[in-house]
Amino acid sequence: MKKKVLEILKSGEYCSGERISQKLNVSRTAVWKYVKKLKEDGYKIESVTNKGYRLISSPDLLTEAEITDGLATKYIGKHIFYCRETDSTNNEAKRNNSAPEGSVFIAEIQSGGKGRLGRKWLSEDNGGIWMTILLKPRIALEEISKITLAAGAAVCKAFRGIGLSAGIKWPNDIVVNGRKICGILTELSAEADGVNYVALGIGINVNIKAFPKELENKATSVFIETGAEYNRAKLVRAVFEEFEKLYEEFLSGRVGGFIKDYKAMCITVGKNVRVIKPDCEFDARAVDIDREGRLIVETEKGKMHLNSGEVSVRGIYGYI
Ligand code: ADP
């Protein structure tokens, strides 16, 4: 009901308590209580005698009401499961995997954010977008890594849409000016005959003002790059809209299309890189991305196609 009161107030016009109570078929006291709750959530609502309530401003929260207002997707982000704090939104999605495809689990703070290969993802600051999209594609297991690539391309496009010169560090990091602004972690549940669900975790540093020493030279945020805060819900909508297009393209088998987009935004291609595998490390030159999204590198021994699941790639002199 609180959501419905908010929807009415989102018109921006004055609306009397009586009208709201009639529209929603609840008492005026109930309306007053919901308005009070919204104010506690950070909504600025004025009440003027003889005119009614009017919404002046909304808080920068990643609630369903804030995200879905103006969202132009068919199913990505249509159901938002919001919590102020969780261990990890990927875990949240895994615990609630019966939710419909495209459901999104989102938190203001993650106490145990995860990176790839058991690494940690710093997300204890509420200036980020820490979210997981739950997907249920009917595809073969070996196709899953392409979903990560599609997500990377979607986030990169969303950043470019707000004027940031973002690029993709293969396979799944988005970087701006040589520093990481977004990381993606895909986890899945599968059986021999196919995929049950995919938890596509996306962490974006938006209004984070500073990072701890160990990440200072490696991480950045929209705020650090532009000097201004950005409305997180708006950026979330842009990511959903870009991702749904690429995901649909992927599901319909037009993979070539989005791999081409991915390649055009990938800054790893053309660079000398250090390849880190579980059992060895070596230097190589990254020359291309193949149709499967694997990184093609050249070494003295010839060309190799690297699979994203098992390798990390670093610049010879630093992170990129
Ligand atoms: P990579 O493959 O580049 O190591 P991961 O996807 O495994 O990246 O992400 C984890 C790593 O990202 C961590 O080891 C840390 O160096 C870095 N990191 C952790 N939190 C953040 C953050 N909020 N922003 C940018 N980088 C981060």
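**Salt bridges and nonpolar cores**

Asp 60 is partly exposed, with a relative accessible area of 32%. Partly exposed means between buried, which is under 20% relative accessible area, and exposed, which is over 50%, using a 1.4 Å probe and protein chains only. This is a predicted model, where local features need pLDDT of at least 70 and side-chain atom pairs count only at pLDDT 80 or more, while totals for chains, interfaces and linings use all residues. Residues are numbered from 1 along each chain as its sequence is written, and side-chain values use heavy atoms, leaving out hydrogens and water.

Asp 60 has a partner. Its side chain meets that of Arg 232 in a salt bridge, 3.1 Å from N to O. The two sit in distant parts of the chain, 172 residues apart: Arg 232 belongs to helix α8 (residues 232-251), and Asp 60 to the loop between β2 (52-57) and α4 (64-68). Helices (H or I, at least four residues) and strands (E, at least two) are DSSP runs, numbered from the N terminus. Arg 232 is buried, at 2% relative accessible area.

A salt bridge here is a side-chain nitrogen of Lys or Arg within 4 Å of a carboxyl oxygen of Asp or Glu. The whole structure holds 25 of them. One joins Asp 288 to Lys 263, with the closest N and O atoms 3.1 Å apart. Asp 288 lies in strand β11 (residues 281-289) and Lys 263 in helix α9 (residues 255-265), so this pair ties together parts 25 residues apart in sequence. Asp 288 is partly exposed at 26%. Lys 263 is partly exposed too, at 34%.

Arg 54 and Glu 46 form another side-chain salt bridge, at 2.9 Å from N to O. Arg 54 is partly exposed, with 28% relative accessible area. Glu 46 is also partly exposed, with 21%. Elsewhere, salt bridges link Lys 10, Glu 66 and Asp 69 in a network.

Now turn to the nonpolar cores. Such a core is a set of buried Ala, Val, Leu, Ile, Met, Phe, Trp, Tyr and Cys residues joined through side-chain atoms within 4.5 Å. The largest has 64 residues, and those with the most contacts inside it include Ile 147, Phe 159, Ile 202 and Phe 243. Helix α6 (residues 145-161) gives this core its largest share, 10 residues.

Take Ile 202. Leaving aside neighbours within four places in sequence, Ile 202 is in contact with residues including Trp 130, Val 155, Cys 182 and Val 239. Contact means heavy atoms within 4.5 Å.
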